[in-house]
Structure formats: C-alpha cells, structure tokens
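Try each task on your own, then follow the solution step by step.

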Amino acid sequence: MNSVSRFLSKYTIWLYAVLAFVFMLVPIVYTIAFSFNDSRRSNIEWRGFTLDKWLSLCEAQGVCQAFANSILVGLVSTILATTLGTMIAIALARYRFRFRAATTLLLFLPMATPEVVLGAGLAAEFLTAGVPKSALTVILAHTMFCISFVVVTVRARVASLDPAMEEAGRDLYASPSQVFIRVTFPLLLPGIIAAALLSFALSFDDFIITNFNSGPFVTFPKFLYTAAARGLPAEANVVASAVFFIAIIAVVTVQLTSAARRKRLAAQS
Amino acid sequence: MAFGAFTTTAAPPTDAGARKRSKVALILLLPGLAYLALFFLVPLVSLVLTSLQSKVPGGDIGEYQFDLVFANYGTVVGQYGEHILRSFGYALVATVLALLFSYPLAYFLGVTLRRFPLLQALGLTLVIAPFFISFLLRTLAWKQILSDEGMVLGTLKNLSVLPADAHVTGTAGAVIFGLAYNFIPFMTLPIYTSLEKLDLRYVEAGGDLYASPARTFFSVTLPLSAPGVISGTLLTFIPAAGDYVNASNSFLGSPDTAMIGNAIESNFLTQQNYPAAASLSIILMATILVLVAAYVRRSGTEDLV
C-alpha cells in the first residue's frame, strides 16, 4: 500500500465525520443566521445584517406569548412528571411487587406509540368527556408522555446506588424517612435533575401531541407550525437561537465540570 | 436509549423486609400508574370506541354517537390506502438512510475517538445539538435551502447543471430526506452506546485470523452493535411512520406526499370526522406493534420489553 492511500484509509472516517457534522449543523446555522436578517414581511431572502429582531423581540405578533406559554407548560408538566416518575422508578428498583411485568409494559408502551396516536387518543378522550382544550389539557398530555422517560432516567440512577449507604444510615438508627431525606434523595438528585431537564426539553419541543390538545392555546412549536404556512417572522428565529445557545452553554458547562471532577478524583486515587 | 432502558432488569431486592414493604411500593406506584391509565390507556379505549361511532342522523358536522360500525375501517382503508402505504414506505426508506448515515458516525464517536475524551464529548454535543432547536425550524430551514430558487437549486440552475424547472420540495424525496435528517440523533446515540462498549480485542482477533476487514466488520463488529442498531431503527421508524410535519404542505411535502399522520390530523382537527381519524390511528398503532414485534423477534432479542 503506498503512503497516500494509507493516509486516506486512516483518515477517511475523520473526513466523513467532519462532513456529517457540517451536514447536521446546516439548518441550525441557517436558522441562527436568519435571526439577524433585516427581513420585512417574510424571512426567506437575505436582506442584510441587523440586531433589530433580537432587541425588539416581542414586537412580532404572538411570539413572546407563545414562548411564555411553552415555558409555563414545560415547568408544570416537568414538576408533575418528575414527581410521579421518580416514585415509580424507586418502587421498580427497590421493591418486590406483583404485576411488575404489566407495570413495565405500561411504562414502555407510551414510548413505542406514535405521537399522533397519543395526541388523537387524548383529544378523543377530552372530546367524549366534554373537557374544553386549554393550557390544562396540554399540561395533562405533556405530563403523560414525560413520565416514562423520567422513570427510565431515574431508575438507572437508583440501580447504580450502593445499598450499603442506606444500610449505614439504618445502622446509625436513622428512621426510614431520615434515611430517605439524608441519604437516598441526595444520591438520586443528579438522576432526578437529568430527568427533569429531559422532561422540560421534551415538553418544550413537542408539537404533534400539543396540536391535538391545545385548541386556542398557542405554544411556541404550535406558533411555528401555524406561522409556517404564511411565512415565519425573524423573531421566531431569535427565540429559537436564544434557546439553542442557552442549552448548548448548559451542556458544555455540565460536561466540563464533570470532566474536571473526574480528573480530580483520578488525581486523588 | 429508551428501547434499551428496560433490558437490564435489575435483580429484585432479596432482603426479607422487602415483601413486607410492598405497601410502600403500592403508594409509590399508584399515582403514576393511575395517571398513565387515565391519560394513556383510557385514550386508547376512547380511540377504539370513537372509531366505531356513526353519524347522528340529521346532526351537525362533528356530531357522532356510540355505535359499532366496523365498516369505518374499510372506508378509511379505501380512502387513505395510499397514505398508509406511503407512511410505511417513507419511514422504511428514511430509517435505512438514517442508519447508513449514522453508523459510521457512531463508529467514529465510539471507537475512533476513544483515545480523545474531550473530542468525544464535543462530538456527542454536536450530535445532540439539533435537539436544542425546534425540529419545525430545522425542517423549515431545509425547505428554504432546497427551495426552487434557493441556495442549492438556484446555484445549480444558474450553472445549468439542473433544468430551470427542477424542484425538490414537495416531492417524496424531500419528505424522506426530512424524515431521515430529523431522526439522525435518535439513530446515532443508541449505536454509539453499543459501539462505545465494544471490546476491540474481538476485532483484532478477526484480523489475526486472516479475516478481511469487511468480513471482520460483518461477523464481529456489526453483530456486537446489534442492540444499538435495533434500538436506533425503532426510535426512527416509529415516529417517522406517524410524522405529519415533514410531509405537510407548508414544510417539505405536497398533497401528493401526504402520510397517514396528515390524514389523521386533517380528519380530526379540520373535517371533524372523528371516527375516520380514530380508525386511522388504530390502524397505525396496530401495524406498528405487529411490525415491531416481528422485527424484534427476527433480530433475536426478545428482552426489549
């Protein structure tokens, strides 16, 4: 094998990965770039750089209201789903009970069901029961599909927990509730936080289920879908770009701190 | 990922006190399971009942009554047969494309970058980066990039590479492209998780035994990453088959590319033909469950649930 082809075969995968990442990032870069577009009615043609849309964000009809609605729905359904899901995760990992297989199936099925079926099913239920569509029905729907993901995330953490920690608490005459509050809960907290972040992200980005159960209530993705038909205002790109930057900064911070902690632990041992 | 999450069933606790405490388990389980029963199971029952309803004689649009009209299913299959076939066809092609795109990428992240933890973390962040920007906006961005006079087609037309009337958006190809693009992270992450744990000594053993790199890949690497491939394909195929955003007119599709999700949406939310929407939903769910069960059985891992 000559050196050129050896070089190529060694670095083909690097080249492929770089091209793949560029391809995946194209629409993201495009969306962020067009948040700086000096657009008039439609935001399709590039008309020059401006910061106006970032500074006068809420002047576009409905963008800020939709964004605020999404935050509200995300927070409430995250709290509900994280509470209910964490309780299930602890029970699954720590207790013996009948109907374990049925419970696991009930948790697995919502994740294996297409969203359009979940959305239409809830809408049919609300229709039959005569419940008008509102923020409440959206929150009920989001909590439902987040629970399974919370269980998956927290359960992994419970399973990795060393039972000796809790035994030590009991040996030192701590009551069961003291053991839970002082030992179990703090150890589970990283898993619970991860689950809450995942729930919020799922809720914030959900469109398909929301569309069936929101009626006149507008979340940010629903705003995007409705506005897409007549052309999206640049302010929508601003909101999405801002969310993107915040999320990326959060992820990078978490990764850097955990890398630093690993390094510190490695240095100690 | 989600589908692998239930595979490692932790051994149930063995201490003698566990059985006594089953009351605690009940208290922990009951609220969440009751919630899922009320907002997941009851809706499914509600869909079945709605799918069998009949029109109220002389009633308004959207007024239906309890009935057992099984013919509703035949009606929607006759009316939306093409939508149903398109859904599963598009989802299948998009899943294969996403797999072909994602496997090398996952291999790069999980094997090539093993010696560079920082680059690996950066790569993973890039893979999940699309999650942080609404998939509606990403799809709209592709629509504008691929539009008739947009960056790609406009340039190619100016260079006379493409005829002036060439178009991409609104075609089946564009919808499949959009579906494949949107689910790349769902495909890449589970495969990465499998490959990251891959013991490279097995791969070396293949080479030591004079297997060609291709042979080693197909008889060692690929089988060992099968759980990731199965999870990834399911996490792509299921949502893709039910998607109605990519195929809708204001995104990458046209009326000629409408999928079953579009038919459910328009029947439920626009035409208020609830029985038709419900029948289509049941057909979609039942078909997916049958396909997934067959697929999981054939691929030999029955411990997914």
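**Exercise 1: A serine and its surroundings**

Task: find out which residues Ser35(A) touches, not counting residues up to four places away in sequence, and whether Ser35(A) is buried or exposed.

Solution. 
- Step 1. Leaving out residues up to four places away in sequence, Ser35(A) touches Lys53(A), Trp54(A), Ala234(A), Asn237(A), Val238(A) and Ser241(A). Two residues are in contact if their C-beta atoms, placed from the backbone, lie within 7 Å.
- Step 2. Ser35(A) sits in the loop between α1 and α2 (52-55) of chain A. Helices (H or I, at least four residues) and strands (E, at least two) are DSSP runs, numbered from the N terminus.
- Step 3. From C-alpha to C-alpha, Ser35(A) and Trp54(A) are 7.5 Å apart in space, and they are 19 residues apart in sequence.
- Step 4. Ser35(A) counts as buried because it has 23 C-beta neighbours inside 10 Å. The cut-offs are 20 or more other C-beta atoms within 10 Å for buried, 12 or fewer for exposed, and partly exposed in between, with C-beta atoms placed from the backbone.

Before going on, a word on the model and its labels. This is a predicted model, in which local features need pLDDT of at least 70, side-chain atom pairs count only at pLDDT 80 or more, and totals for chains, interfaces and linings use all residues. Residues are numbered from 1 along each chain as its sequence is written, while chains are lettered from A and ligands numbered from 1 in the order in which they are written.

**Exercise 2: Chain B in outline**

Task: describe chain B by its helices and strands, its span along the principal axes and its buried residues.

Solution. 
- Step 1. Chain B contains 13 helices and two strands.
- Step 2. The C-alpha trace of chain B spans about 80 × 80 × 35 Å along its principal axes.
- Step 3. Of the 305 residues in chain B, 44% are buried.
- Step 4. Among contacts in chain B with a separation of 6 or more, 68% are between residues 24 or more positions apart.

**Exercise 3: Two helix pairs in chain B**

Task: work out how α8(B) packs on α11(B), then how α2(B) packs on α13(B).

Solution. 
- Step 1. The axes of helix α8 (residues 184-196) and helix α11 (residues 226-242) of chain B come within 7 Å and cross at roughly 170 degrees. That makes α8(B) roughly antiparallel to α11(B). Axes are lines fitted to C-alpha atoms, for helices over the stretch in contact, and angles run from 0 to 180 degrees between N-to-C directions. Angles under 35 degrees count as roughly parallel, over 145 as roughly antiparallel, 65 to 115 as roughly perpendicular and the rest as oblique.
- Step 2. The residues of this contact between α8(B) and α11(B) comprise eight nonpolar, six polar and no charged. Here Ala, Val, Leu, Ile, Met, Phe, Trp, Tyr, Cys and Pro count as nonpolar, Asp, Glu, Lys and Arg as charged, and the others, Gly among them, as polar.
- Step 3. Helix α2 (residues 22-51) and helix α13 (residues 274-298) of chain B have axes 7 Å apart and pack at an angle of about 125 degrees. α2(B) is therefore oblique to α13(B).
- Step 4. The contact of α2(B) with α13(B) has six nonpolar, four polar and no charged residues.

**Exercise 4: Where the chains meet**

Task: say how many residues each chain gives to the contact, and which residues Ile90(A) touches.

Solution. 
- Step 1. Chain A gives 69 residues to the contact and chain B gives 72 residues.
- Step 2. α1(A) supplies the largest share of the side of chain A that touches chain B, with 12 residues.
- Step 3. That side of chain A has 56 nonpolar, eight polar and five charged residues.
- Step 4. Ile90(A) lies in helix α3 of chain A and is buried, with 24 other C-beta atoms within 10 Å. Not counting residues up to four places away in sequence, Ile90(A) touches Val158(A) and Leu28(B).

**Exercise 5: Positive phi**

Task: where is Tyr173(A), and is Tyr173(A) buried or exposed?

Solution. 
- Step 1. Tyr173(A) is not a glycine, yet has a positive phi of about 65 degrees.
- Step 2. Tyr173(A) is in the loop between α7 (163-171) and α8 of chain A.
- Step 3. With 7 other C-beta atoms within 10 Å, Tyr173(A) is exposed.
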